[in-house]
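Q: I am new to this structure. Please take a close look at a single part of it, then show me how that part sits in the rest.

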Amino acid sequence: MSVSIVLVPIAIAAISAWQASRSETDVEGRTLCQVSTRMRDETLLAAALADTRAVVTKAGATLVADWAGVRAEFARDTDGIWQAHFTGDVDEERAVGIIGAIDQAYGLRVQRAVVEKLKQRAPSAGMSVVSERMEVDDSMTLVLEVGAGA
Amino acid sequence: MSEQIIVRVGTDGTIQAETKGMKGAKCLTSLELLEQLLDAQVTSSAFTDEYTQATPATTNEIDDELPQR
């Protein structure tokens, strides 16, 4: 063994997880919740939302996700990280729970994207994937041979 | 011994990578290449024993930590 590193794809903000939410009530008495996420990539976010069975639409720079009785509007903050604004039949606890489910789906999407990217790009960097396996915790292990690419 | 990089991608999208069979500075250049390939950023790093077995073309003057960008 030589060097070991931990990397975070740019699709994920370098924060440990989604942040605490803020909830308030609008003039009509509806609960509004805001939750910061660690998600950056719009395509992967849309796919993750679909994985949670949301109906996803795009309105300008905003992604709108609808579940039964709950709507979340996703907009980027100044750092390019998506924030969710929940309305409908939702309180802070449920909003955090929904974001947790989306975050999990997003992580799986990122995992899939990273594995695909590695397999596609490794040959151009003089490497080849010599083995690939799924571990018991569903993480993926790939072994790259250096100096064996195309 | 062949030169390899073992890459483990978690279900949360984070990546752990480790070089095997590589000595000296080649470990670092290979992992920098991996960083570019995966559009990812290094958040932590550590030398393991093999790094200090420098190749004949390299010196043994190494810092305790990897350079961070």
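A: Start with one side-chain pair. The side chain of Ser36(A) makes a polar contact with the side chain of Gln83(A), at 3.0 Å. The model is predicted, so read each value as computed from it. Where is Ser36(A) in chain A? Ser36(A) belongs to strand β3, which covers residues 31-36. Is Ser36(A) buried or exposed? Its relative accessible area is 18%. Buried means under 20%, so Ser36(A) counts as buried.

Now move on to helix α1 of chain A, residues 42-51. Its N-terminal end has a cap, and the capping residue is Asp41(A). A side-chain oxygen of Asp41(A) lies 3.0 Å from the backbone nitrogen of Thr43(A). Within the helix, the buried residues are Leu44(A), Leu45(A), Ala47(A), Ala48(A) and Leu49(A). What covers them? The cover includes four strands of chain A: β4 (55-59), β5 (62-67), β6 (70-76) and β7 (82-88). Helix α2 (92-121) of chain A is also among the elements that cover these buried residues. After α1(A) comes Arg53(A). The phi of Arg53(A) is positive, near 65°.

Step back to the whole chain. Chain A has two helices and nine strands. Along the sequence, their order is β-β-β-α-β-β-β-β-α-β-β. Chain A has 150 residues, and 42% of them count as buried. Take the contacts in chain A with a separation of 6 or more: residues 24 or more positions apart account for 46% of these. The chain exposes about 7500 Å². Carbon and sulfur atoms supply 50% of that area.

Next come the charged pairs. Side chains of opposite charge can pair when their charged atoms come close. Over all chains, a search of the whole structure finds 11 salt bridges.

One of them joins the side chains of Arg94(A) and Asp89(A), at 4.0 Å from N to O. Arg94(A) is partly exposed, with a relative accessible area of 37%. Asp89(A) is exposed, at 55%. The cut-off for exposed is over 50%, so Asp89(A) passes it.

Another salt bridge links Arg133(A) and Glu135(A). The closest N and O atoms of this pair are 2.9 Å apart. Glu135(A) is buried, with a relative accessible area of 16%. Arg133(A) is partly exposed, at 46%.

A further bridge involves chain B. The side chains of Arg8(B) and Asp137(A) meet in a salt bridge, at 3.4 Å from N to O. Arg8(B) lies in strand β1 of chain B, residues 4-9, while Asp137(A) lies in the loop between β8 (127-134) and β9 (140-146) of chain A, so this pair joins two chains. Arg8(B) is partly exposed, with a relative accessible area of 31%. Asp137(A) is partly exposed too, at 43%.

Which residues are joined into one network by salt bridges that share partners? They are Glu116(A), Lys119(A) and Glu132(A).

Definitions and conventions: Residues numbered from 1 in each chain as written. Chains lettered and ligands numbered in written order. Predicted model: local features only at pLDDT ≥ 70, side-chain atom pairs only at ≥ 80, totals over all residues. Heavy atoms only, no water. Buried < 20%, exposed > 50% of the residue type's maximum accessible area, 1.4 Å probe, protein only. Polar contact = N/O pair within 3.5 Å; in protein donor to acceptor, adjacent residues only side chain to side chain. Contact = heavy atoms within 4.5 Å. Areas by Shrake-Rupley, 256 points an atom, 1.4 Å probe, with all protein chains shown as cover.
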